[in-house]
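Here are my notes on this one, as numbered points. Have the model open while you go through them.

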Amino acid sequence: MKQKEVMVKVEKVNKFFKKLHALRDINLEVHKGEVVVLIGSSGSGKTTLLRCINHLETIDSGCIYVDGEPIGCWVDEKGARCRDPERVLNKKRSRIGMVFQKFHLFAHMTALENVMLSLTTVQKLSKEKAREIAIQQLRHVGLEDKMDSYPSRLSGGQQQRVAIARSLAMQPKLMLFDEPTSALDPELVGEVLETMTTLAKEGMTMIVVTHEMGFAREVGDRILFLHDGVILEEGTPQEMLINPKSERAKSFLSKVL
């Protein structure tokens with residue numbers, strides 16, 4: 001049987017915020033094409049782990065690799081801890097898409113211009129090429145007809161799909177989603193989850209922080225339950241949602257299912 005390729009490898013990662021030990025010796029592997037869902041109560045470390053994978057937060061110890069490359073920092077042959085120069089880090093980070101709770105769209109730019117921006121500023125593409133890619137990705141998320149609309153004229157669900165298109169335009173190897181539906185009205189949640197489901201079916205590697213247990217059940221390959229900075233339990237959606245082993249996971253799931 002062919003061994004699956006590893007897209008994300010987290011080795012003994014620790015993260016502190018002053019005296020708060022936010023992540024405690026985290027070890028994790030995510031395979032290419034896998035959808036891993038992170039669940040747990042507020043403050044359990046889910047978002048911090050995502051932000052460390054993208055190096056939006058600097059880890060205090062351990063290493064993180066994305067597609068075989070260390071991101072942010074690594075240990076050299078002499079055992080010294082080294083850090084990526086900002087230019088190198090930005091290049092690595094550009095291949096990791098991240099979608100936040102808030103949409104972070106520029107209000108004075110159309111949907112098309114919002115998607116084009118990183119293509120012209122980060123990848124230095126011509127406006128013509130950037131426009132072509134942006135239209136393609138807005139079509140991908142079902143918003144081709146809204147490309148000339150400003151964020152104020154879009155629903156929350158449409159704005160979040162523009163944010164997803166903006167990330168996809170950079171051709172990421174990995175997509176990170178930090179509670180992408182938590183800021184949406186309930187009737188708008190479905191359209192964003194549908195877009196994410198399509199990405200999963202297309203083989204995108206995804207790590208998703210969410211309380212949408214229906215999505216976790218239907219789309220997730222694995223669910224990880226975090227508590228107090230530790231991956232307390234993990235398993236398939238069926239194992240985790242039907243028969244969690246730890247009392248803490250049972251208590252949490254009894255409130256969200």
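1. Let me start with E179, which sits in the loop between strand 9 (174–178) and helix 6; helices (H or I, at least four residues) and strands (E, at least two) are DSSP runs, numbered from the N terminus. E179 has a positive phi of about 45° although it is not a glycine. Most residues other than glycine have a negative phi. E179 is also buried, at a relative accessible area of 17%; buried means under 20%, exposed over 50%, and partly exposed in between (1.4 Å probe, protein chains only).

2. Before going further, the ground rules: this is a predicted model, where local features need pLDDT of at least 70, side-chain atom pairs count only at pLDDT 80 or more, and totals for chains, interfaces and linings use all residues. Residues are numbered from 1 along each chain as its sequence is written, and side-chain values use heavy atoms, with hydrogens and water left out.

3. D67 has a positive phi of about 55° without being a glycine. D67 belongs to the loop between strand 4 (61–66) and strand 5 (69–70), and is partly exposed with a relative accessible area of 27%.

4. Helix 1 (residues 46–53) has 6 of its 8 residues buried, so it is largely enclosed by the rest of the structure. The buried ones are K46, T48, L49, L50, C52 and I53.

5. Next, V209 in strand 10 (residues 205–209). V209 is buried, with a relative accessible area of 0%. Leaving out residues up to four places away in sequence, V209 touches L38, K46, T47, L50, F177, D178, E179 and P180, where contact means heavy atoms within 4.5 Å.

6. Which residues touch the most other members of the largest nonpolar core? They are I164, F177, M196 and M206, in a core of 51 residues. Helix 6 gives the most to this core, with 7 residues. A second, separate core has 29 residues, including I26, L38, I53 and M98. A nonpolar core here is a set of buried Ala, Val, Leu, Ile, Met, Phe, Trp, Tyr and Cys residues joined through side-chain atoms within 4.5 Å. Beyond its neighbours within four places in sequence, F177 is in contact with L50, V99, I164, M196, L199, M206, I207, V208 and V209.

7. Now the helix packing. The axes of helix 5 (residues 156–168) and helix 6 (residues 186–201) come within 8 Å and cross at roughly 20°; axes are lines fitted to C-alpha atoms, for helices over the stretch in contact, and angles run from 0 to 180 degrees between N-to-C directions. That makes helix 5 roughly parallel to helix 6 (under 35 degrees is roughly parallel, over 145 roughly antiparallel, 65 to 115 roughly perpendicular, and the rest oblique). The contact is made by G156, G157, Q158, Q160, R161, I164 and L168 of helix 5 and L188, E191, V192, T195, M196 and L199 of helix 6.

8. Helix 4 (residues 127–140) packs on helix 5 at an angle of about 130°, with their axes 9 Å apart. That makes helix 4 oblique to helix 5. The residues in contact are Q137, L138 and H140 of helix 4 and V162, A165 and L168 of helix 5.
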